[in-house]
Amino acid sequence: MIKKSKEATLNTSNNKLKRNLTLFEATMHSIAFVVGTGIFMKPAVVLLDAGSTGMAMLIWFAGGMISLCSALTIAEIAAYIPKVGGMYAYIVELYGDFVGYIYGWIYMLISGPGGAAAAAMAFATFSSYFIEMNLTQLRILSIAAMIFCAVIQGISTKLSMQLQAIGTIAKLIPILAIVAVGLFKGDIPGSVNFDLVGGSPAGGIAAALLGVLWSFDGWVSTCTLGEEMTRPEKNLPKAIILSLTFVTALYMLFNYVVFKTASTEQIVASADSSIGTDVAEMLFGPAGAVLVAISMMISGITSLNAQIVPPARYLLAMANKRQVIGSEFLCKLNPKFNTPTHCLVVVLVIASIYILSGTFNSVTNFVIFIIWTFFILCILGIFKLRKKFPHDDSLYHVPLYPIVPLLGVAGAAFLVISTIIDSPSSALLGIAIGLVGLPMLYYCKKKYGTDHNISGDDAE
């Protein structure tokens, strides 16, 4: 029997999130997180790095397959450990509290709120296509958009996911319209070939794959919804796999239409802007630019809504484990809505600081290395999982084991190694930021004792 401390009884009355999210809503959440404005901007950058349209298509396919291998692997872990906190919960379960804390600390303090701040600024920037705004006004609109999303999530995660599903469909309509019309209207025969664009890529293949892999980033955030999904042991793996399969097909079709509609010279010339806008104008006339602007604005708000979800769940999970200062306050759910309102407020405050200071891009860049290092640990966790948990035939299992997990590890390792080579100082700074959180962990251990869960869920 595990002894209950005074603190362990603080939150026994109402500590469970509502389990009411469907497979469709979780799948839409994943698509909203992954498919952002990059779909309109990345084709030109990837083409320049790849060196030819044919190689660019192969790299988009390779990036999708690497991401899918990672997803297929983590989906099995999600089936066995469908807990709030997603990757944080998996790492804690498989590697212990200390390793999980470092990952959770970095994500809930920097990566998550930083990503939300970037998405909010993107939404405001795209909105300025219709209403001109200065920097102060952009920041005000960004924070207002975050408050709106946080309030909706605080009232009902279900409602937030339903609105996000609608928004995701709305932003996909222009993209799918470009694909559908471009497949038939694009008039550049033999546009996908291996003729070099602007000379030899000179080692650009690695850079192209890196850019593609970043375009697929974000699907793992769906794992943070495990405690809120109906039949998570079945639906969570399905949501991850369905969303990434759809996104891979969408990215490849969109790039094919870009190559079929615009000349390589036009694509290369738009490397610093949005080739998606140019293609839309070619297909639909002047209205095409408006179509893309609306789609990018919707992409910004849906991505923002999706970005707020994971850090709030990570913070809640860490508070339940008593690994953050103020755990007694943070782990309490709203008594009326059963939502993590306290955690949402903290994420909102941190993200607002990043927006006001203009540091959201730099702070997230600093932790890229260490976040992806933990991603490798999580994928490798499949080997620990199969030793630790008894096999359950009713649950999803990764196909072609261990080949698929190893391919996923290879892709994640590529990102980590590339980061070290390109920016060793950022890698070292990311490690330092992780270590900075250790005093809080030791303080919380001293304050709360050795009981693992402030909600009393571990007590018997």
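A salt bridge here is a side-chain nitrogen of Lys or Arg within 4 Å of a carboxyl oxygen of Asp or Glu. With that in hand, here are some notes to read beside the structure, which is a predicted model.

1. Lysine 83 sits in the loop between helix 3 (53–80) and helix 4 (87–95), while glutamate 93 belongs to helix 4, and 10 residues separate the two. Lysine 83 has a relative accessible area of 41%, so it is partly exposed. Glutamate 93 is also classed as partly exposed, at 24%.

2. **A bridge between helix 13 and helix 19.** Glutamate 328 and lysine 447 pair through their side chains, at 3.6 Å from N to O. Because glutamate 328 is in helix 13 (residues 327–330) and lysine 447 is in helix 19 (residues 438–448), the pair ties together parts of the chain that are 119 residues apart in sequence. Lysine 447 is partly exposed, with 36% relative accessibility. Shared partners also make a network of salt bridges, which joins Lys83, Glu93 and Lys388.

3. In the whole structure, the search finds 7 salt bridges. One of them pairs lysine 158 with glutamate 25, whose closest N and O atoms are 3.1 Å apart. This pair links distant parts of the chain, with lysine 158 in helix 7 and glutamate 25 in helix 1, 133 residues apart. Are these two partners buried or exposed? Lysine 158 counts as buried because its relative accessibility is 18%, and the cut-off for buried is under 20%. Glutamate 25 has a value of 7%, so it counts as buried as well.

4. **The largest pocket.** If you are looking for open space, the largest pocket holds about 1400 Å³. Its lining is made of 44 residues, and Gly115, Ala118, Trp214, Asp217 and Gln307 are the ones nearest the centre. By class, the lining has 23 nonpolar, 18 polar and 3 charged residues.

5. **Who builds that pocket?** Which helix gives the largest share of the lining of the largest pocket? Helix 5 does, with 10 residues. Other elements that supply at least two lining residues each include helix 1 (23–34), helix 2 (38–50), helix 8 (204–215) and helix 12 (287–320). Helix 15 (360–366) and helix 16 (368–388) are also among them.

6. Rolling a probe the size of a water molecule over the atoms shows where empty space is left. The count comes to 3 cavities of 30 Å³ or more, and the largest cavity has a volume of about 70 Å³. Residues lining the largest cavity include Ile66, Ser67, Ser70, Trp219, Trp372 and Phe375. Helix 3, helix 16 and helix 17 (403–422) each give two or more residues to this lining, and helix 17 gives the most, with 4. The lining of the largest cavity has 7 nonpolar and 4 polar residues, but no charged ones.

7. **A nonpolar patch outside.** On the surface, Ile147, Val151, Ile155, Leu159, Leu163 and Ile166 form a nonpolar patch, with about 490 Å² of accessible area together. Helix 6 (135–155) and helix 7 (157–185) each supply at least two of the patch residues. Isoleucine 155, located in helix 6, is partly exposed, with a relative accessible area of 37%.

8. **Backbone details to look at.** A cis peptide bond joins tyrosine 401 and proline 402, with omega at about 5°. Proline 402 is in the loop between helix 16 and helix 17. Two residues other than glycine have a positive phi: arginine 231 near 45° and asparagine 338 near 55°. Arginine 231 is placed in the loop between helix 8 and helix 9 (232–261). Asparagine 338 lies in the loop between helix 13 and helix 14 (341–357). With a relative accessibility of 15%, asparagine 338 counts as buried.

Note on methods
Residues are numbered from 1 along each chain as its sequence is written. This is a predicted model: local features need pLDDT of at least 70, side-chain atom pairs count only at pLDDT 80 or more; totals for chains, interfaces and linings use all residues. Side-chain values use heavy atoms; hydrogens and water are left out. Patches are made of residues with over 30% relative accessible area and no salt bridge: like charges are joined within 9 Å, nonpolar side chains (Val, Leu, Ile, Met, Phe, Trp, Tyr) within 5 Å. Accessible areas come from the Shrake-Rupley method with a 1.4 Å probe; for residues, only the protein chains shown count as cover. Buried means under 20% relative accessible area, exposed over 50%, partly exposed in between (1.4 Å probe, protein chains only). On a 1 Å grid over the protein atoms alone, a cavity is a set of points where a 1.4 Å probe fits but cannot get out, and a pocket is an open set with protein on both sides within 12 Å along at least five of seven lines; lining residues have an atom within 4 Å of a point. Grid points are joined across faces, edges and corners, and a volume is the space filled by probe spheres set on the points. Ala, Val, Leu, Ile, Met, Phe, Trp, Tyr, Cys and Pro count as nonpolar, Asp, Glu, Lys and Arg as charged, and the others, Gly among them, as polar.
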